[in-house]
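Biologist: I would like to learn how to read a model like this one. Where do we start?

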Amino acid sequence: LSLLDSNNAPFTMNLYPYFNEPSAYTQYALGNQQGWGNADGSLIYDNMLEAKYEAMMYAMEDVYPGAYNNIELIVTETGWSSQSASTKSSFSNVANAKDYIANTVKAMNNPS
């Protein structure tokens, strides 16, 4: 992070809420259900993508103080699986992929 900071370069990451998605959080991961957060309710996120982004910013700040304000974090890739070879992955379908992309674009057009 020091190298990125000294060269005014961004940190890039791929975010795929799909990979961490247990079935209890499907609608939140898709961006269809807002209001999840930490246990005491002090942090509330509109979707899992937002929560993961913020978690990465806090992790960067923990490792390199000043990163939160000095290093741009860019999501270079995101998406949702539309098909799975595993029958356990009932959330891998075209409808969920469409929802995720639509909700992600909507969120990015209205940053908070």
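Modeller: Start with one residue. Asn93 is partly exposed, with a relative accessible area of 25%. Buried means under 20% relative accessible area, exposed over 50%, and partly exposed in between (1.4 Å probe, protein chains only). Asn93 is found in the loop between strand 4 and helix 5.

Biologist: Which residues does Asn93 touch, not counting those up to four places away in sequence?

Modeller: Contact means heavy atoms within 4.5 Å. On that basis Asn93 touches Trp80, Ser81, Ser82 and Gln83. Asn93 and Trp80 are 13 residues apart along the chain, and their C-alpha atoms are separated by 8.5 Å.

Biologist: What are the ground rules for these values?

Modeller: The model is predicted: local features need pLDDT of at least 70, side-chain atom pairs count only at pLDDT 80 or more, and totals for chains, interfaces and linings use all residues. Residues are numbered from 1 along each chain as its sequence is written, and side-chain values use heavy atoms, with hydrogens and water left out.

Biologist: What pLDDT does the protein average?

Modeller: pLDDT is the predictor's confidence in each residue, from 0 to 100. The protein averages 85, and 88% of the residues score at least 70.

Biologist: Which residues have the most contacts inside the largest nonpolar core?

Modeller: General idea: in soluble globular proteins, nonpolar side chains tend to be buried together. A nonpolar core is a set of buried Ala, Val, Leu, Ile, Met, Phe, Trp, Tyr and Cys residues joined through side-chain atoms within 4.5 Å. The largest one here has 19 residues, and Tyr28, Met60, Leu73, Trp80 and Tyr100 have the most contacts inside it. Strand 1 (11–15), helix 2 (26–30), helix 3 (48–63) and helix 5 (94–109) each supply at least two residues. Helix 3 gives the most, with five.

Biologist: Which residues of helix 3 are buried?

Modeller: Met48, Leu49, Ala51, Glu54, Met57 and Met60. Their cover includes strand 1, helix 2, strand 3 (44–45), helix 4 (67–70), strand 4 and helix 5.

Biologist: Why do the buried residues of helix 5 line one face?

Modeller: An α-helix has 3.6 residues a turn, so residues three or four places apart point the same way. In helix 5, the buried residues are Asn96, Ala97, Tyr100, Asn103 and Thr104. Seen down the helix axis, they fall within an arc of 140 degrees, so they line one face. That arc is taken from the directions from the axis to the C-beta atoms. These residues pack against strand 1, helix 2, helix 3 and strand 4 (73–78). The face turned away carries the exposed residues Lys98, Lys106 and Asn109.

Biologist: What is the phi of Asn8 near?

Modeller: Most residues other than glycine have a negative phi. Asn8 has a phi near 50 degrees, a positive value in a residue other than glycine. Asn8 is found in the loop between helix 1 and strand 1. Asn8 is exposed, with a relative accessible area of 67%.

Notes:
Helix = DSSP H or I, 4+ residues; strand = E, 2+ residues; numbered from the N terminus.
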